Amino acid sequence: MPALALDAAHSVAFHTGLGAPLYPSPSTPLKGYLNEQTIADYAGAVYNKSNIALIGDGATAQALHKWTEQFFKSTPSSSTSNVTLNSKASTYYGGEHRTAHTAGNSLVLAFPGSSFGTFKPEIAVIAALLGGQPNVKWSPGFTVLSKATAGIPSVSASATNHAYSDAGLLAIQINGSAQAVRSTAEQAVKALKSIASGSASKEDLTKAIAKAKFDTLEGSQSGVAALLSAGSGIVQTGKPFQVVETIQSINGVTADKLQSVSRFSHCLATGLLLTLISQAAKALLDGKATVTAVGDLHVLPYAEELGLKV
């Protein structure tokens, strides 16, 4: 159920491109779209030197050069296919989708998020404020979703920013019994409205900032994730994504918007950071949300019932 709901959320949010099903079902019509000719045309259009980044982890320059020469020497410099790739930037649409299912219940509340190309530190902090998964075992944690689900064993909830090259999706996913999912969704929207009104405590905000930085650093420790991030950065922007720059942007989230402020600690003292975060949350609520429900549709709420615009 969670995968179906999240897949549907991407489809509703982005339509094509990022909205294409990650896991096609047996009923998905692929004939005419996926065959040896279309695969060959796609390969000819994509696999060329302008679209390839080689990243080495623990490899010497000599070894990397050796294998590059052996495997990529004959790679064409540009496209060898008549197929023209769609390079249009992803567009966020928003909307609602509901699927009846008897195997379980899952609800996704999503909003425009932060991308690899345009990192939005305030989105990272909002995701950390909402949270869902405690860092300490047997503890409900400080996050809103952790507290909302602490006394309900039949439900789980988490907020994640799904970042892509030119778009992102900040998704709150809730799974469990239909009634528990509904009540947790109400609490999640209530929490967002609380953040938008500037009611988040400075203590929780400080913890969320630390959590956002920790998550960024932790992600950079994974070899595969770090390599993918670096490669995507080179292909998309011409340079690898730098974790230090990302941390600095979180530390100085108001640097571009509030020129006199550059450090989170100072923002906390003046209340300016809280204002920035509340403005970001308000923008999410004022815009179009993406809401997808899979399961018992007699109980799972509509976006309108939660006070969200679609």
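Predicted model: local features only at pLDDT ≥ 70, side-chain atom pairs only at ≥ 80, totals over all residues.
Residues are numbered from 1 along each chain as its sequence is written, and side-chain values use heavy atoms, with hydrogens and water left out.

Helix first. Helices (H or I, at least four residues) and strands (E, at least two) are DSSP runs, numbered from the N terminus. Helix α1 covers residues 2-14. Which of its residues are buried, meaning under 20% relative accessible area with a 1.4 Å probe, protein chains only? Among them are Leu6, Val12 and Phe14. The buried residues of α1 pack against β1, β2, β3, β4 and β5. After α1 comes His15, with a positive phi near 65°.

Now the hairpin. Strands β3 (residues 155-163) and β4 (residues 168-176) run antiparallel, joined by nine bridges. Two strands pair if DSSP finds at least two bridges between them. Ser158 has Gln173 in β4 as its bridge partner. Four residues lie between β3 and β4 in this hairpin.

Last, the largest pocket. Its volume is about 1,900 Å³. The residues closest to its centre include Gly17, Tyr42 and Asn86. Which elements give two or more residues to the lining? They are α2 (36-46) and α8 (223-237). The largest share, six residues, comes from α8. A pocket here is an open set of points on a 1 Å grid where a 1.4 Å probe fits, with protein on both sides within 12 Å along at least five of seven lines; lining residues have an atom within 4 Å of a point.

Note on methods. Points joined across faces, edges and corners; volume = space filled by probe spheres on them. Expected span 1.5 Å × (residues − 1). Buried < 20%, exposed > 50% of the residue type's maximum accessible area, 1.4 Å probe, protein only. Contact = heavy atoms within 4.5 Å.
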